[in-house]
Amino acid sequence: MSFAFSQVDVFTESALRGNPLAVVHGADGLSDEQMQTFARWTNLSETTFLSRPTSPEADYRVRIFTPGGELPFAGHPTLGSCHAWLENGGRPKTPGRVFQECAKGLVPIRLDGKRTAFAAPPSTREAVDPQLLAHVLAALKLPNSKVKAVSWLDNGPKWLGIVLADAQSVLDIEPEHSLLKNLAKVGVIAPHASGEVQFEVRAFAAPIGIPEDPVTGSLNASFAQWLIGEGMAPERYVAAQGTRLDRRGRVHVQREGDTVWVGGQTVTVIRGELNW
């Protein structure tokens, strides 16, 4: 079997500074097991498989796999898959908009020059069990005094979201990933006092085999809906992620009416053919 293949870097304007994504084109004939095997082999945060859509409104269908399993939705695979689909000759049915079909449903993606942005899907919030939170904070080596707010966030991927008082506290975290593995995927955010970015974000995903994700669209989407809705963030801001991993992820957030758009740039790093 032979497939067109792309590897792109998402949420960055410079190659090798964002979050990489492997994209397999024309993957209609692949089984779930084959997709999972390949995603495990690439060992990236996510690998996506593009195929013909089943919805008449969609431009393409995507399946999203981590090394440990399939996700119904994820942010950086959404933007990266859209970029790769367009670059591989995809033509959207609606000018300026791409509609991606995934397990979560249809996700609108708007095209804005070099940047693309997805409409954040609905995110639910739940209270966090105090005992679980205590274990998570111990694994992160964070005292309760630094925590400003906590909530479960779920827009397909489920994260335990933690808001801290300042960005440096986020950057200083030295987690015990082995402890987090049996607890939760954890996202941490805090504001910068000044500068080109307004927030610093980190994402720890040991339960799915990723100690720290470089840049995470789904988490940033849920954070944006939560913080903007509660008045803890402006309706337009830029978040940095991946700083401790020597990445320079930049996530652009904007709320327009009831929709939160989460976007960034994508750069193609590898283009070729997958022989299997």
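Which residues lie nearest the centre of the largest pocket? In this predicted model, they are Arg110, Arg115, Arg236, His252 and Gln254.

**View 1. Lining of the largest pocket.** This pocket has a volume of about 200 Å³. Its lining is made of 13 residues. Strands S7 (105-112), S8 (115-119), S15 (236-241), S16 (249-256) and S17 (259-275) each give two or more of them. By class, the lining divides into five nonpolar, four polar and four charged residues. Domain 1 (2-119 + 265-275) and domain 2 (124-262) each contribute at least three residues.

**View 2. The second largest pocket, between two domains.** Its volume is about 180 Å³. The residues that line it include Phe11, Thr12, Glu13 and Ser14. Also in the lining are Arg115, Glu196, Val238, Arg248, Arg250, His252, Gly264 and Gln265. S16 and S17 supply at least two lining residues each. The classes are two nonpolar, five polar and five charged. Both domain 1 (2-119 + 265-275) and domain 2 (124-262) give residues to this lining, so the pocket lies between them.

**View 3. Glu46 and its surroundings.** An unreviewed UniProt entry lists Glu46 under "active site". Glu46 sits in the loop that runs between helix H1 (32-42) and strand S3 (47-51). Is Glu46 buried or exposed? Its relative accessible area is 7%, so Glu46 counts as buried, the cut-off being under 20%. Leaving aside residues up to four places away in sequence, Glu46 touches Pro20, Leu21, Ala22, Ile64, Phe65, Thr66, Leu71, Ala74, His76 and Pro77.

How values were computed. Residues are numbered from 1 along each chain as its sequence is written. This is a predicted model: local features need pLDDT of at least 70, side-chain atom pairs count only at pLDDT 80 or more; totals for chains, interfaces and linings use all residues. Side-chain values use heavy atoms; hydrogens and water are left out. UniProt positions are given in the numbering used here, feature names are shortened, and annotations may be inferred rather than shown by experiment. Helices (H or I, at least four residues) and strands (E, at least two) are DSSP runs, numbered from the N terminus. Buried means under 20% relative accessible area, exposed over 50%, partly exposed in between (1.4 Å probe, protein chains only). Contact means heavy atoms within 4.5 Å. On a 1 Å grid over the protein atoms alone, a cavity is a set of points where a 1.4 Å probe fits but cannot get out, and a pocket is an open set with protein on both sides within 12 Å along at least five of seven lines; lining residues have an atom within 4 Å of a point. Grid points are joined across faces, edges and corners, and a volume is the space filled by probe spheres set on the points. Ala, Val, Leu, Ile, Met, Phe, Trp, Tyr, Cys and Pro count as nonpolar, Asp, Glu, Lys and Arg as charged, and the others, Gly among them, as polar. Domain bounds come from an automatic or database domain assignment.
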